[in-house]
Amino acid sequence: MNQVLLLVDVQNDFAPGGALAVPRGDEIVPIINQLLPCFDHVIATKDWHPKGHASFASTHGESVGSLIELNGITQMMWPDHCVQNTSGAEFIASLQQDSIEHVVLKGTQLSIDSYSGFFDNQRQQATGLEAYLRKHNYTDVYIVGLATDYCVKFTALDSVSCGFNTYVIKDACRGVNINLNDSENAFKEMENAGCKMVVSAEIITEC
Ligand code: VGL
Ligand code: ZN
């Protein structure tokens, strides 16, 4: 049993005041900081888009929140966010970062989005996360981060489908909730797919 904590997109643009603010997204940081000492291995993903990315409403002259068809799949139009090498793409400063051993960049290709930390939305290209986990024999992946209803969900679903024992630490995630129940529905979907749903206290008290 080889456990790793996977931090999904704990970045400024997803914190309150950021370009794609997740309500109360900053609340997960102190929880993550408490979880960190419980794990020998910590990996993080970063949403890392080039300027003019295909998921940006501004790229298409569309309005934020509208849906377009992009290479045969439906794409939500987001505000410009997590542009490479901008402060919005940096980790939230209060996150303790010294134990992060590896960072996986996603959404780096101009014409395709990547909610999952494993594969792009067309499932055409791998980010290298799966290969990294296998190389290090990590079998148990504990997921926290932003946003529950997008990147956390798709990362967790891909983690299960790759065969990793996948745990989602529910109170260390926050969702966009464009629709009221999106986060709750996302948690149910992850659980139905085989993710084990846990809370941080279970882990912190046992470590
Ligand atoms: C995310 C929307 C667009 C996320 C990233 O990290 O959940 N959501 N890009
Ligand atoms: Zn994005």
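In this predicted model, Leu5 stands opposite Tyr142 of strand E6. Strands E1 and E6 run parallel to each other and are joined over six bridges. Strands of a sheet pair through backbone hydrogen bonds, in either the parallel or the antiparallel sense. Here the pairing is parallel, in an open sheet of six strands ordered E5-E2-E1-E6-E7-E8. Strand E5 (100–106) and strand E8 (196–198) stand at the edges with a single partner strand each, so one side of each has no neighbour in the sheet. From one strand to the next, the twist averages 25°.

Two helices can now be placed against this sheet. Helix H1 lies across E1, E6 and E7, and runs at about 140° to E7. Helix H4 (residues 148–161) also packs on the sheet, where it touches E1, E5, E6 and E7. The direction of H4 makes about 170° with that of E6. Helix H1 (residues 28–35) is mostly covered, with six of its eight residues buried. These buried residues are Ile28, Val29, Ile31, Ile32, Asn33 and Leu35. Their cover includes strand E1 (3–8), strand E6 (140–146) and strand E7 (165–174), together with helix H6 (200–206).

Leaving aside residues up to four places away in sequence, Leu7 touches Ile32, Val42, Ile43, Ala44, Thr45, Leu95, Ile100 and Val144.

Val8 is found in strand E1 and counts as buried because its relative accessibility is 0%. Beyond four places in sequence, Val8 touches Thr45, Ile143, Val144, Gly145, Leu146, Cys151, Val152 and Thr155. Val8 and Phe118 are 110 residues apart along the chain, and 11 Å separates their C-alpha atoms.

Thr45, a contact of Val8, has its place in strand E2 (residues 42–47). Thr45 likewise counts as buried, because its relative accessibility is 0%. The side chain of Thr45 makes a polar contact of 2.8 Å with the side chain of Asp9. Residues up to four places away in sequence aside, Thr45 touches Leu6, Leu7, Val8, Asp9, Gln11, Phe91, Val104, Lys106 and Gly117.

Asp9 leads on to the ligand. The residues around ligand 1 are Asp9, Phe14, Leu20, Asp47, Trp78, His81, Tyr115, Leu146, Ala147, Tyr150 and Cys151. Several backbone atoms are found beside ligand oxygens. A polar backbone atom of Leu146 is 3.4 Å from an oxygen atom of ligand 1, and for Ala147 the corresponding separation is 3.0 Å. A backbone N or O atom of Cys151 also lies 3.0 Å from an oxygen atom of ligand 1.

Terms used:
Residues numbered from 1 in each chain as written. Chains lettered and ligands numbered in written order. Predicted model: local features only at pLDDT ≥ 70, side-chain atom pairs only at ≥ 80, totals over all residues. Heavy atoms only, no water. Contact = heavy atoms within 4.5 Å. Buried < 20%, exposed > 50% of the residue type's maximum accessible area, 1.4 Å probe, protein only. Helix = DSSP H or I, 4+ residues; strand = E, 2+ residues; numbered from the N terminus. Pairing = 2+ DSSP bridges. Axes fitted to C-alpha atoms, helices over the stretch in contact; angles between N-to-C directions. Polar contact = N/O pair within 3.5 Å; in protein donor to acceptor, adjacent residues only side chain to side chain. Near = heavy atom within 4 Å.
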